[in-house]
Amino acid sequence: MTKPSIYGLPYDKLAAWLAERGFKKSRADRVWEQLYRSRVADFAEMDPALEPAVTTVLEKSFALRTMTEHVKQQSADGTVKFLFRLADGNLIETVLMRHKFGLSVCVTTQVGCNIGCSFCASGLLAKSRDLSGGEIAEQIMQVQAHLDAAGNGERVSHVVVMGIGEPFDNYDNMADFIRVMKDHKGLAIGPRHITVSTSGLANKLREFADSDLQTNLAVSLHAPNDELRTRIMKINRAIPIAKLMDAIDYYLERTNRRLTLEYILLRDVNDRREHAEELADLIGEARRSQVNVNLIPYNPVDEHSQYQRSEQEAVRGFYDALKKRGVSVSVRLEHGADIDAACGQLRSKQIAKAN
Ligand code: SF4
């Protein structure tokens, strides 16, 4: 049987696991330091000052590497797409992006996805399983190992939970992953440098608002009314906009933080001026100061020929209309345009090739 990844244990769980086996808390500190500061890739590399008995019990129960690099695509702009093969043979996609503010990694949380967004290459392949917290965290460790090997001293500074899958449909594992990332004794990626993106599972959104996770949150809206949103996102049938906005209001009130509404622009579908006006109405005055709209120019994929990228003029018009209404708005910069840029595209191509 495959051993689980050790990166799935937040510090407290690791300390409790070791304590159950008779080891002191200070041992957990040393193990943690080896995992996230020294970043050993093999238990044999662990500092000999750590009691050998600790390494032995860890090695018996956990793995440091549960996935292998299957494909790596490098873009001219520095974006790197990794396709990892999991122990059970499944493929997942992870993306490293270079920004002025640092290096961010977009992680996958599930093998496939059940949300069924009609524009998404990933959504074509139904969810076959959730990733463990360790498999999510190992994506970061693998990318960090890629950076460490280059020897430039670069570090992953930001994490976006926006890859394949709905993170709130794998809530507990996602939460453990975030706790591992945030821990100041380890990678110490600040909660403001971590963004979780959800299609809007309302109950989980409330749970997230009440939690200790405190990361940034992005909600995929993609349409300003139910008729259009249901066409674009199947999930809207179960959780219509009014229900989603209630959960968003709860989040805004409870956390007093800002929230991003993601809006993918699809030519002649949801990118007209009247849609922007409707969106501004939906956000309304009360929410305006806490909400930012992020416009995402669509990356066409062969499987969804019904959708095209919006004209530049339409993007500008949409942006201007929101601005005029006092809505904070940005347009997402594209990364890796010369490689399989759309989320899930690399994975679906590789799977198609194999079949
Ligand atoms: S966009 Fe995200 S939530 Fe929607 S189908 Fe794709 S992976 Fe799932």
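Biologist: What order do the strands of the open sheet have?
Modeller: The order is β1-β2-β3-β4-β7-β8-β9-β10-β11-β12, an open sheet of 10 strands with mixed pairing. Strands (E, at least two residues) and helices (H or I, at least four) are DSSP runs, numbered from the N terminus. Two strands pair if DSSP finds at least two bridges between them.

Biologist: What sort of model is this?
Modeller: This is a predicted model: local features need pLDDT of at least 70, side-chain atom pairs count only at pLDDT 80 or more, and totals for chains, interfaces and linings use all residues. Residues are numbered from 1 along each chain as its sequence is written.

Biologist: In what sense do β10 and β11 pair?
Modeller: Parallel, over seven bridges. β10 covers residues 259–265 and β11 covers 291–297. Leu 261 has Val 293 in β11 as its bridge partner.

Biologist: New topic. How do the axes of α1 and α2 cross?
Modeller: At roughly 130°, coming within 9 Å. That makes α1 oblique to α2. Angles under 35 degrees count as roughly parallel, over 145 as roughly antiparallel, 65 to 115 as roughly perpendicular and the rest as oblique. Axes are lines fitted to C-alpha atoms, for helices over the stretch in contact, with angles from 0 to 180 degrees between N-to-C directions.

Biologist: Which residues make that contact?
Modeller: α1 (residues 11–20) brings Tyr 11, Leu 14, Ala 15, Leu 18 and Ala 19. α2 (residues 25–36) brings Lys 25, Arg 27, Ala 28, Val 31 and Trp 32. Contact means C-beta atoms, placed from the backbone, within 7 Å.

Biologist: And α4 with α5, at what angle?
Modeller: Roughly 40°, with the axes of α4 (residues 133–150) and α5 (residues 171–182) coming within 8 Å. That makes α4 oblique to α5.

Biologist: Who meets whom there, and which residues are in α4?
Modeller: Gly 133, Ile 136, Ala 137 and Ile 140 in α4. They meet Asn 173, Met 174, Asp 176, Phe 177, Val 180 and Met 181 in α5.

Biologist: Last one. Where are the domains?
Modeller: Domain 1 is 6–61 and domain 2 is 67–354, with bounds from an automatic or database domain assignment. Their C-alpha centres lie 32 Å apart. The contact takes 10 residues from domain 1 and 16 residues from domain 2. On the domain 1 side, α2 gives the most, with three residues.

How values were computed:
Two residues are in contact if their C-beta atoms, placed from the backbone, lie within 7 Å.
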